Amino acid sequence: MNKPILKLQNISYSYHSLSGEVPALSNISFYVNQGEFLAVVGPSGCGKSTLLSLIARLLEPESGTISFQNPDGSLNYPGIGYMLQHDHLLEWRTIFRNITLGLEIQHKMTPENLAYAEHLLDEYGLKKFKNKHPGELSGGMRQRAALIRTLVLNPDILLLDEPFSALDYQTRLSVSDDIGNIIRTTGKTAILITHDLSEAISLADRIIVLSDRPAVVIRDLPIRLTTHDHTPLGARSAPEFRYYFNLLWKELSHEK
Ligand code: ADP
Ligand code: MG
């Protein structure tokens, strides 16, 4: 558990456009342990999505290094699963054909992988919807299907870019609880971007706080809640919750 699977050291990144240079990240360093649930919070536009794109290797850092250590000691870059605000389910495919899309693209439609897809659908309450189309599912179920589509590829690290922010508040609480549980039971390492401080405190083992653009790490905060009830409501009623919330709020509003 306490072994870093991924380490970022002095990462900087700027966008270059016709109107000039936009520095997005400045000298960012942090690590993520194997099996850890890390949340990243920061003001809108500070560079959070950019950070995930760098980890996913969709962008190359301008300077700094991203290194990793696979649990089995292998030197492959960790398998990355990406989940976004919009589920991007394809309406013309059934739920089963949506969740196996990645397998199809990667030519991995093996009987074992298809059985795993069936197992995940069953385990996470979507078995009945296997042959339905996305439009027939609620927003929460769709996000669960999007998570299964990611898990079926058995990624080492899950990157979640504000995956609940398109949902209404009620659904958001239950889906974040649901998805938090799924990630914990599968023992996946996860990095969750969110601007919802309560969500970050109730889900994460540790929170990285970023400043305004260009983002620097202003806090690396371990979260310890003395409650066994890790549902969103349970976490919110833990005695430490208010302390963490106030601390993060102050960090982000420069009220120190
Ligand atoms: P966040 O996810 O924290 O809201 P982003 O990582 O999406 O922020 O963006 C960081 C900054 O970089 C923003 O100011 C945004 O406008 C800018 N930016 C993002 N993508 C591009 C791009 N392709 N070209 C130029 N600027 C960009
Ligand atoms: Mg973003």
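**Exercise 1. The shell of ligand 1**

Which polar backbone atom is 3.0 Å from an oxygen atom of ligand 1? Find the residue, then describe the shell around the ligand.

*Solution.* 
This is a predicted model: local features need pLDDT of at least 70, side-chain atom pairs count only at pLDDT 80 or more, and totals for chains, interfaces and linings use all residues. Residues are numbered from 1 along each chain as its sequence is written, chains are lettered from A and ligands numbered from 1 in the order in which they are written, and side-chain values use heavy atoms, with hydrogens and water left out.

Step 1. The atom belongs to Gly47. The pair is a polar contact (N or O atoms within 3.5 Å).

Step 2. A backbone N or O atom of Cys46 lies 3.2 Å from a ligand 1 oxygen. For Ser49, a polar side-chain atom lies 2.8 Å from an oxygen of ligand 1. The protein covers 61% of the 560 Å² of accessible area that ligand 1 has on its own (Shrake-Rupley method, 1.4 Å probe).

**Exercise 2. Helix 1**

Why is helix 1 largely enclosed by the rest of the structure?

*Solution.* 
Step 1. Locate the helix. Helices are DSSP runs (H or I, at least four residues), and strands are E runs of at least two.

Step 2. Apply the burial cut-off: under 20% relative accessible area, with a 1.4 Å probe and protein chains only. Seven of the eight residues pass, so helix 1 is largely enclosed. They are Lys48, Thr50, Leu51, Leu52, Ser53, Leu54 and Ile55.

Step 3. Look past the end. Arg57 follows helix 1 with a positive phi, near 65°.

**Exercise 3. Glu36**

Is Glu36 buried or exposed? Find a partner for its side chain.

*Solution.* 
Step 1. Glu36 sits in the loop between strand 2 (20-33) and strand 3 (37-41).

Step 2. Its relative accessibility is 7%, so Glu36 counts as buried.

Step 3. The Glu36 side chain reaches the backbone nitrogen of Asn33 at 2.9 Å.

Key
A polar contact is a pair of N or O atoms within 3.5 Å; within protein, one must be able to donate a hydrogen and the other to accept it, and residues adjacent in sequence count only if both atoms are side-chain atoms. Buried means under 20% relative accessible area, exposed over 50%, partly exposed in between (1.4 Å probe, protein chains only).
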